[in-house]
Protein chains: 2
Amino acid sequence: MDSNFKQKWEEYRSEFENVLADYLERMQIRPPVLNDSFRYSLALGGKRFRPVLMFACARSLGGKPGDVAGFALALEMLHTYSLIHDDLPAMDNDDFRRGKPSNHKVFGEGQAILAGDALLNEAYSVCFEECRKGKTYLNAAAEICKNAGVGGMIAGQAADLFFEQKEAGKAEEDFIILHKTAKMIVSAAVVPALVYGADENIAALFAEFGKHLGILFQLTDDILDVTGDFEKLGKTLGKDASEGKLTSVRVCGLDKCKELAEQHRNICRQILDDLPYDCSFLSELTDYVLNRDA
Amino acid sequence: MDSNFKQKWEEYRSEFENVLADYLERMQIRPPVLNDSFRYSLALGGKRFRPVLMFACARSLGGKPGDVAGFALALEMLHTYSLIHDDLPAMDNDDFRRGKPSNHKVFGEGQAILAGDALLNEAYSVCFEECRKGKTYLNAAAEICKNAGVGGMIAGQAADLFFEQKEAGKAEEDFIILHKTAKMIVSAAVVPALVYGADENIAALFAEFGKHLGILFQLTDDILDVTGDFEKLGKTLGKDASEGKLTSVRVCGLDKCKELAEQHRNICRQILDDLPYDCSFLSELTDYVLNRDA
């Protein structure tokens with residue numbers, strides 16, 4: 001990872017942190033327990049992968065992060081709610097997230113369910129405000145909603161939970177990866193093209209790039225669950241295997257998984273080459289996802 | 001309750017059931033467990049109070065149910081998700097809803113959390129589609145979202161959970177009733193005025209009517225938790241008291257509660273009298289809420 005890439009990532013990330021801080025400053029939530037639990041998980045930070053990706057796609061299209069700031073915020077809120085609910089005892093039962101106690105370990109299960117509901121609801125409140133800017137914004141909001149719901153992330157989560165401890169094969173695992181992880185990353189990649197009203201073919205290429213980047217992201221996530229380091233990842237490792245989760249490593253084995261990851265990296269690069277824009281940062285970002293240790 | 005009122009209610013209710021059936025027919029959800037859990041709670045039915053109220057308000061304004069059908073669907077989906085999450089062991093821990101096993105008793109807690117998330121997400125997917133019809137629809141969608149979120153229902157739920165087993169007074173109970181229950185009923189009452197682009201004063205009167213009707217609704221709910229009948233209500237009774245819930249009966253006593261209910265009924269009637277429309281059905285509906293046994 002060269003220092004120029006790192007610097008640009010930090011630039012986008014810090015731009016997003018400002019957007020988030022501005023939003024949180026405007027929010028006055030009662031009762032205090034909801035205010036605290038709502039802010040707690042958003043503030044845990046992390047890589048801000050989805051906002052950084054969205055901002056970078058906006059830049060490639062000749063725009064700027066500010067053009068899609070509301071949607072980046074909404075997407076990160078949706079991602080955050082999904083982590084809170086996913087960590088609950090009835091789901092993945094994880095006590096740690098980003099090296100800190102999970103939301104329900106701090107606020108209790110009931111309040112954590114509500115904090116997740118609140119983030120999900122308010123993500124769309126932000127989207128409705130964005131929709132006031134025009135029809136292309138409405139298209140982007142609808143796309144985010146589609147990819148987060150029963151046609152996307154929630155379907156993936158339901159399948160992920162359903163296939164725990166069950167016999168299943170590559171078709172089921174492909175469904176889970178595509179829906180649980182890749183669809184949200186499709187949103188990050190395609191929203192700028194939709195907001196700018198780009199040609200349909202261009203939007204389709206960004207969506208396709210997001211899909212393969214998302215699959216790559218989940219493959220390396222599954223690999224890291226086996227080979228990774230708690231200190232760097234900030235979450236419990238080896239849990240997928242111990243819980244009988246249907247992961248790509250379980251289905252294909254570690255070596256095949258690494259091979260698949262490289263294949264999806266190559267597809268991403270091919271798509272970026274086909275785009276008539278400067279996509280060098282997106283190309284480096286793809287390599288980063290392939291080689292990440294956190 | 002005269003037979004004309006009953007008949008009109010049934011008319012609106014059956015109109016809503018058709019809207020819901022059409023929607024569910026178009027939805028193809030995978031995996032099957034999510035499809036089943038998503039449909040299960042929506043199909044449990046109930047009075048469809050919020051859609052009936054919304055349709056009736058549309059009629060009073062000279063419109064028709066079809067004009068706000070999408071929003072009635074979205075609001076009922078939001079209401080349904082809130083019941084699924086509210087019934088979870090970490091929240092109100094209720095095994096029955098509308099005389100049938102709660103969602104989590106049938107599908108397990110994890111899948112019930114996801115079914116709730118799915119209904120919440122898809123409610124807004126329906127709203128984004130409605131927004132394509134124009135700016136007044138966007139205003140209505142934003143209002144629904146505001147009243148369901150941290151400025152409304154979720155705040156009320158968080159306070160309701162927080163004050164369990166705690167000492168608190170009328171101010172806290174007023175906050176809970178207004179946010180947990182009344183705000184969603186405000187949405188039902190005000191959405192038609194927003195969709196039709198009615199004068200601001202008219203919209204404000206509908207919102208005010210919805211607020212007092214919603215408070216009345218929760219007061220009678222609290223009264224029925226003490227005096228009601230399981231067969232008619234289809235849910236466990238006496239639970240609020242046994243769990244130390246902060247209810248209006250606990251705060252004010254049963255007699256004062258009934259007196260307050262009548263006061264809010266009177267305010268509703270006053271507002272309806274001030275509206276330059278035929279609001280006779282809404283007036284009867286208010287009386288029905290005051291006198292209901294289910």
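B:Asp221 has a relative accessible area of 19% and is therefore classed as buried, a class that covers residues under 20%, with exposed meaning over 50% and partly exposed lying in between (1.4 Å probe, protein chains only). Its partner B:Arg292 is also buried, at 7%, and the two side chains form a salt bridge with an N to O distance of 3.4 Å; the term stands for a side-chain nitrogen of Lys or Arg within 4 Å of a carboxyl oxygen of Asp or Glu. The two residues are 71 apart and belong to distant parts of the chain, since B:Asp221 sits in helix α10 (residues 200-227) of chain B and B:Arg292 in the segment after α15 (280-291) of chain B.

This is a predicted model, in which local features need pLDDT of at least 70 and side-chain atom pairs count only at pLDDT 80 or more, whereas totals for chains, interfaces and linings use all residues. Residues are numbered from 1 along each chain as its sequence is written, chains are lettered from A and ligands numbered from 1 in the order in which they are written, and side-chain values use heavy atoms, leaving out hydrogens and water.

In helix α9 of chain B, B:Lys170 and B:Asp174 are four residues apart, about one turn of the helix, and their side chains meet in a salt bridge at 3.0 Å, N to O. B:Lys170 is partly exposed at 38% relative accessibility, and B:Asp174 is partly exposed at 38% as well. Over all chains, the whole structure holds 48 salt bridges.

Between chain B and chain A, by contrast, the count of salt bridges is zero, although twelve residue pairs are in polar contact (both at pLDDT 80 or more); such a contact is a pair of N or O atoms within 3.5 Å, where within protein one must be able to donate a hydrogen and the other to accept it, and residues adjacent in sequence count only if both atoms are side-chain atoms. On the side of chain B that touches chain A, α6(B) gives the largest share, 16 residues. Contact, meaning heavy atoms within 4.5 Å, takes in 46 residues from chain B and 46 residues from chain A. The area buried between chain B and chain A, that is, the accessible area (1.4 Å probe) that two parts lose on being put together, summed over both, is about 3,800 Å², and carbon and sulfur atoms give 75% of it. Of the area that chain B buries against chain A, B:Asn121, B:Phe128 and B:Val150 supply 19%, more than any other three residues.
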